[in-house]
Amino acid sequence: MQLLRFSATSNPEQHNLQPMNAAPEKPEQGLPVFVADQLKQLIYSGELKPGERLNEAALALRMGTSRGPVREAIRMLTGLGLVTAVLNRGVFVRQMSVREMLELYDLRALVFGFAAERATEHMAESHKARFEELLQAMDHACETENPNLYYELNLQFHALVLQLANNRRAQAAYDDYVKEMHLFRREYFNAPGNMRQSNAEHRTLYEAIVKGSKAKAKTTAERHVLKGRERLLSNIDSHSPLARL
């Protein structure tokens, strides 16, 4: 699992994490990856709504490319759980019910708690430095009210905990749960207060792992995921896609 790297003195906003309203230049190579990234931003921003059918021809015209890269990009999004292929009907932006979301959070809490407990056994000085780097970068994202950057860093923090658990099956399961939740989880990071609370919980979890406190690491990790669920639920209103499912 590849993690973005930040130096302790660098500004994390200088790294290649494009905000949703950015218009990055089209790369000479890796066009399907570029198109997939643009489609992800359209989905995350709500411009492509849950349940909406993806029209390859229209998207190719919009992206200024042929249908081939768009088709490849859609396959990538299917793998991420953001879109769903329906036989003889096409590909649609993923819809998730409240029940599905709650069940996924329960599973994420269990696996993340297990991973945090196991992570206490494999912590090295290099890992401590990386955790501190991520926590500092997330604090900066909170201060500058940059939810997109915070979200990406948050994913890397969790990925590092799963990496330290040294259990590939747990890591694969957790990755699958996270992929399914991308669409809705990004929404609640828009509130600075939610980001700060989330990172305070990260700090508490990191300290428990460093101290080798297995029980506290496990319960703190589980509580962090479930608190995230509460933050998401508190943001569901009549305009939320979840409220209609």
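Trainee: What does the protein chain average in pLDDT?
Mentor: The average is 84. This is a predicted model, and 81% of the residues score at least 70.

Trainee: Which helix has the highest confidence, and which the lowest?
Mentor: Helix α5, residues 125-143, is highest, at a mean of 96. Helix α7, residues 168-185, is lowest, at 86.

Trainee: Where does pLDDT stay under 50?
Mentor: Over residues 1-23. The model still has 39 contacts for that stretch beyond four places in sequence.

Trainee: OK, strands now. How do β1 and β2 run, parallel or antiparallel?
Mentor: Antiparallel. β1 covers residues 83-86 and β2 covers residues 90-93, with 4 bridges joining them.

Trainee: Which residue stands opposite V83?
Mentor: V93, in β2.

Trainee: And how many residues lie between the two strands?
Mentor: There are 3, and the strands form a hairpin. Look at N88 in the turn: its phi is positive, about 65°.

Trainee: Switching to helices. What describes a packed pair?
Mentor: Two things: the angle between the axes and the distance between them.

Trainee: Then at what angle do α4 and α6 cross?
Mentor: Roughly 60°, with the axes coming within 7 Å. That makes α4 oblique to α6. Find α4 at residues 98-119 and α6 at residues 147-165.

Trainee: Is that crossing left-handed or right-handed?
Mentor: The α4 and α6 crossing is left-handed.

Trainee: Which residues meet there?
Mentor: From α4, they include R108, V111, F112 and A115. From α6, they include H158, V161 and L162. The contact divides into 9 nonpolar, 1 polar and 2 charged residues.

Trainee: What about α6 and α8, how do their axes cross?
Mentor: At roughly 20°, and the axes come within 12 Å. Helix α8 is residues 192-210. The angle is under 35 degrees, so α6 and α8 are roughly parallel. This crossing is left-handed.

Conventions:
Residues are numbered from 1 along each chain as its sequence is written. This is a predicted model: local features need pLDDT of at least 70, side-chain atom pairs count only at pLDDT 80 or more; totals for chains, interfaces and linings use all residues. Side-chain values use heavy atoms; hydrogens and water are left out. Two strands pair if DSSP finds at least two bridges between them. pLDDT is the predictor's confidence in each residue, from 0 to 100. Contact means heavy atoms within 4.5 Å. Axes are lines fitted to C-alpha atoms, for helices over the stretch in contact, and angles run from 0 to 180 degrees between N-to-C directions. Angles under 35 degrees count as roughly parallel, over 145 as roughly antiparallel, 65 to 115 as roughly perpendicular and the rest as oblique. A crossing is left-handed if the near helix is turned anticlockwise from the far one by less than a right angle, and right-handed if clockwise. Ala, Val, Leu, Ile, Met, Phe, Trp, Tyr, Cys and Pro count as nonpolar, Asp, Glu, Lys and Arg as charged, and the others, Gly among them, as polar.
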